[in-house]
Amino acid sequence: MSKDFLIFGSPLIEEAEIEEVVDTLRSGWLGTGPKVQEFENEFKVYKQSPYAVALNSCTASIHLSILAAGIGPGDEVITTPMTFCSTVNAIIHSGATPVLADCDMETQCIDSHSIRSKITPKTKAILPVHFAGNACDMSAIMDIAEEYQLKIIEDCAHSIETTYKGQHVGTFGDFGCFSFYVTKNLVTGEGGMVTTKQKENADKIKILALHGMTADAWKRFGDEGYKHYQVVYPGFKYNMMDIQAALGIHQLKRVHRNWQRRERVWQKYNESFAGLNLTLPPDPAPEIKHAYHLYTILIDKDKVGISRDEFLSAMHCENIGTGVHYLSIPEHPYYQTTYGWKPEDYPNAMKIGRETVSLPLSAGLTDSDMESVILAVKKILRKR
Ligand SMILES: Cc1ncc(COP(=O)(O)O)c(C=O)c1O
């Protein structure tokens, strides 16, 4: 890769987390230990959630939330076609059946009317995704959950900082699932977190995340003396390490500063692209604090004279990395053959998925990076 290439989603790593990682390496304790506990404690304070359990990914967080909710074979979970495949795969791995409700064309989040039309006697949960850092219509979704006695598992991979009517997303339903993957607003390399209101859910997720061994297993090599463990579930290997938490503790301290930087980039993009024939990302509704995770533009070939994929290639030639979030879930062959899903049955997600492009939006973008992105977009679109 050329050294001038602007990598999409490159994180901002500073000295504090580098020193903390080195301290962890020197401590002799790399696995799940005191730094994971510190990160969980600080995260739950930040999110104003009674419990938080750190795991090694958001995918693991969604998987274990579904299992902890007692959902499995024979049950249906409703989610959105405008999401990363792992949201749907986690439902499948729990043994339940995923059901898609289309997204709203404007907010690109799951549409509550479409959710209602997909409810059957087998529906056990709704899995809304707070897309790009926006918030789903949680008032409508919580009303549906109450009416049909459904669990709510919020996919908050894009929305660490998002609030809806003053309340943090991830604290409305039974579980909130967060990602600290390298391109996310807070990074630990790989990593995830579940927030929950109930102690029994937190305890169960902790046990499931480490082979199904009793909680004492977390401490079995510590200075309190060896503890025997018992296996109470056939669990998984989903625990976070102290090396990852060392990054997370300092990333969390700077979460607001990084958010402010992304907000400035977002506003600058909005001003710069206002005269172009693009659909810009939706402004958040007044009751929402947006996390500014993805700046997504829609490229409609009929309006701008270039297709989305041609635009992606042209940006690459200008040395700018971009992303696609996402081709709608029914575009992928596995889901077509397994569930018979067709893109046309989810027309909003299909249209967005075929036109969307994510421009670089990380706290690490310099002013000059931002100008390069703006110049490249204008150059490509003005040629038409
Ligand atoms: C909406 C959404 N859900 C889930 C995930 C999975 O996160 P992780 O990579 O931490 O498993 C992602 C990651 O890109 C995502 O964007």
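Predicted model: local features only at pLDDT ≥ 70, side-chain atom pairs only at ≥ 80, totals over all residues.
Colleague: OK. What radius of gyration does it have, and what would a compact globule have?
Modeller: The protein has 21 Å, which agrees with the value near 21 Å for a compact globule of 384 residues. The radius is taken over C-alpha atoms, and the globule rule is 2.2 Å times the number of residues to the power 0.38. Along the principal axes, the C-alpha atoms fill a box of roughly 70 × 55 × 40 Å.

Colleague: And how many helices and strands are there?
Modeller: There are 14 helices and 12 strands. They are DSSP runs numbered from the N terminus: helices are H or I with at least four residues, strands are E with at least two.

Colleague: What percentage of the residues count as buried?
Modeller: 56% of the 384 residues. Buried means under 20% relative accessible area, exposed means over 50%, and partly exposed is in between (1.4 Å probe, protein chains only).

Colleague: Let's talk strands. How many residues of β9 are buried?
Modeller: Five of the five, residues 192–196, so β9 is largely enclosed by the rest of the structure.

Colleague: Which strands are joined to β9?
Modeller: β1 (residues 51–55) is joined to β9 by five bridges, running antiparallel, and Leu55 stands opposite Gly192. β8 (residues 175–179) also has five bridges to β9, again antiparallel, with Phe175 opposite Thr196. Two strands pair if DSSP finds at least two bridges between them.

Colleague: What's the strand order in the open sheet of three strands?
Modeller: The order is β7-β6-β10, with antiparallel pairing. β7 (167–168) and β10 (288–289) stand at the edges, each with a single partner strand, so one side of each is left without a neighbour in the sheet. Two bridges join β6 (residues 163–164) to β7, and Thr163 has His168 as its bridge partner there.

Colleague: Changing topic: where is Gly33, and is it buried or exposed?
Modeller: Gly33 lies in the loop between α1 (15–27) and α2 (34–47). Its relative accessible area is 18%, so Gly33 counts as buried. Gly33 and Met241 are 208 residues apart in sequence, with C-alpha atoms 7.3 Å apart in space.

Colleague: Which peptide bond is cis?
Modeller: The one from His325 to Tyr326, with omega near 0°. Tyr326 is in the loop between α11 (308–317) and α12 (333–339).

Colleague: What about phi of Asn319?
Modeller: Phi of Asn319 is near 70°, a positive value in a residue other than glycine. Asn319 lies in the loop between α11 and α12, and at 27% relative accessibility it counts as partly exposed.

Terms used. Residues numbered from 1 in each chain as written. Heavy atoms only, no water.
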